[in-house]
Amino acid sequence: VTSHNRYTGTAMLISETDTLVYLWKPIFPGQYEVLVHEINKSYGDATPLIQPPYPIFINEGPQAGGAGLSMLEDRIQNMPPCQTVQDRTNIYSHWDGDWIGPDFQLTESLRTGWSFLPSSETMNCKLETFDNQAIRSIPEKTSIYIVGRSVERGIFLSLVDMMLDKMEKKMLKKSIIGKCWGRASVTKGNLQVMYQDFRVNAFEDPTEPQFIECHNDKLVKERGSSFIQNATLVWEEIFQQEEVNWPSVIFLVTGLGAAKFKFEHHVQPFVSMLPPNWHGTLFLGDFEFSARGGGLGSMSQYEIYLKQINTMVNALNDPRVRWIDGTGISKEMRMYAQKGEEYVARSQHFHHPCLRKDPDNPKLTAMVVCSNVTEMVGQLLLGHALGPKAEFMERVKQNPTPPDSAVTWCTACPKCMIPFHITPYPKMTCVDGPIVAKTEFDDCSVVRSETVNGGGKAKDPS
């Protein structure tokens, strides 16, 4: 359900009798369009509309743009910043709210002008945003680690895009960092963001015998090696550095949604290894964080999922841990994923390369990574790393000398995704200065597209 430049949302299936019944709640009066896409096709096909957009008009309540706009602003002003809510570890375990478009020009907006307003009934907080000037003025050493799949890599890339200026990020798409299957980090001023590839769906059950794993004729895992053992070493490595260098925030993908997932092996041990004196925030995600599947199920399925993640975050019993509702955070923006509006639910990723100009200065490139969802999550992580915006800006005022603006980027990225790599203590190659394009290109298509048993093609899960 959309209203051009003003709103986007998703209706959820609540009944599957003779007639499919969907539920959607409007946020303000005005003109909307209902779009129904045909998605029961092969992966990669376009998803055409079943019929032309169906217009509906909501005429109850105050008119948006007058009292309606004031109502939206009140929701922002009167709710506490989400990062200050310390007594509710499940605050993000039912992600609920509304995406409001650039026409409203709300104060806490992403670079595209879109804003996410958390529900006052469930989350009851506001998402604060930090512009590039604020990010470049961070007065103390701060780091954010993203440990996940290519979907979570989009959060890392959005953060990098927000950190760097035009010339520093111009070649991001063509660089090693743009698609890294190992480890990459970018530091500018006092902020470091790091990405570690973490193919948690391949984690073993440590109580079972070890085995060899192959992808067509390519060896994925050698006899005696263990993804979960290497992942554990990677996790330990984070906290073996000096305490002053520990990350402020970590986003860790769990295997919930994968066939081999076991909470007692793939989540609890990692949380239990957090040092007692670490005062950061650990965000847990799962496979529902996806532009392909998020929100496509029924309301009853969604409620089962919500109960599951709330049970697990409560079982962890750690006030530093937050579990993000992947379905809730994914479903409203699924139409604006990597492949665009004609390919709804055809892309796993939300992020995609772009060249979006600064509306205030068309000569400048404002964005090279476009994705409202991953940028929003990046802003959420920044909020937890930096603290409440008002207090952060006061610290900036008290430290008028700007930090060193030099850029350093480091990589330890394998040439191809397969065989998978989870490598502790990798040898990182570091470069000072703008991100540059790769000079060598490796053909990984042989690994990705060889004929598999049954005559089909192997799918690219990058």
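Predicted model: local features only at pLDDT ≥ 70, side-chain atom pairs only at ≥ 80, totals over all residues.

**A covered strand**

Let's begin with strand S9, residues 142-148, where seven of the seven residues are buried. In a regular strand the side chains alternate between the two faces of the sheet. In S9, Thr142, Ile144, Ile146 and Gly148 point one way, while Ser143, Tyr145 and Val147 point the other way. Residues on both sides are buried.

Which strands does S9 pair with? One partner is S11 (residues 191-197), which runs parallel to S9 and is joined to it by seven bridges. Within that pairing, Ser143 has Gln192 as its bridge partner. The other is S14 (residues 249-253), also parallel to S9, with four bridges between them. Here Val147 stands opposite Leu252.

**Charged pairs**

Side chains of opposite charge can pair when their charged atoms come close. The whole structure contains twelve salt bridges. One of them is between Lys169 and Asp161, with 2.8 Å between the closest N and O atoms. Lys169 has a relative accessible area of 3%, so it counts as buried. Asp161 is buried too, because its relative accessibility is 0%.

Glu168 forms a salt bridge with Lys188, again with an N to O distance of 2.8 Å. This pair connects distant parts of the chain, 20 residues apart: Glu168 lies in helix H4 (residues 166-169) and Lys188 in strand S10 (residues 183-188). Glu168 and Lys188 are both buried.

In another salt bridge, Asp318 meets Arg320 at 2.8 Å between the closest N and O atoms, and both residues are buried. Shared partners also tie Arg111, Asp161, Lys169 and Glu375 into one salt-bridge network.

**Aromatic rings**

There are 20 aromatic pairs in the structure. For Trp99 and Phe116, the ring centres are 5.5 Å apart and the planes lie at 65 degrees, so this pair is edge-to-face. Trp99 sits in strand S7 (residues 97-100) and Phe116 in strand S8 (residues 115-118), which places them 17 residues apart in the chain. Trp99 and Phe116 are both buried.

Phe198 and Phe203 make another edge-to-face pair, at 5.2 Å centre to centre and 80 degrees between the planes. Both of these Phe residues are buried. Phe198 and Phe203 also belong to a cluster linked by ring pairs, together with Trp235, Phe239, Trp246, Phe270 and Trp278.

**Disulfides**

A disulfide is a covalent bond between the sulfur atoms of two cysteines. The search finds four disulfides, and the table describes some of them.

| Disulfide | S to S distance | S-S torsion | Handedness |
|---|---|---|---|
| Cys82 and Cys125 | 2.0 Å | about 80 degrees | right-handed |
| Cys180 and Cys413 | 2.1 Å | -100 degrees | left-handed |
| Cys354 and Cys370 | 2.1 Å | 85 degrees | right-handed |

The link of Cys354 and Cys370 runs from strand S17 (residues 352-358) to strand S18 (residues 361-370), bridging 16 residues. Cys354 is buried at 15% relative accessible area, and Cys370 is buried at 13% relative accessibility.

Is Cys413 buried or partly exposed? Its relative accessibility is 22%, so Cys413 counts as partly exposed, the cut-off for buried being under 20%.

Notes: Residues numbered from 1 in each chain as written. Heavy atoms only, no water. Buried < 20%, exposed > 50% of the residue type's maximum accessible area, 1.4 Å probe, protein only. Helix = DSSP H or I, 4+ residues; strand = E, 2+ residues; numbered from the N terminus. Pairing = 2+ DSSP bridges. Salt bridge = Lys/Arg side-chain N within 4 Å of Asp/Glu carboxyl O. Phe/Tyr/Trp six-rings, centres within 6.5 Å; stacked < 30°, edge-to-face > 60°. Disulfide = S-S within 2.5 Å.
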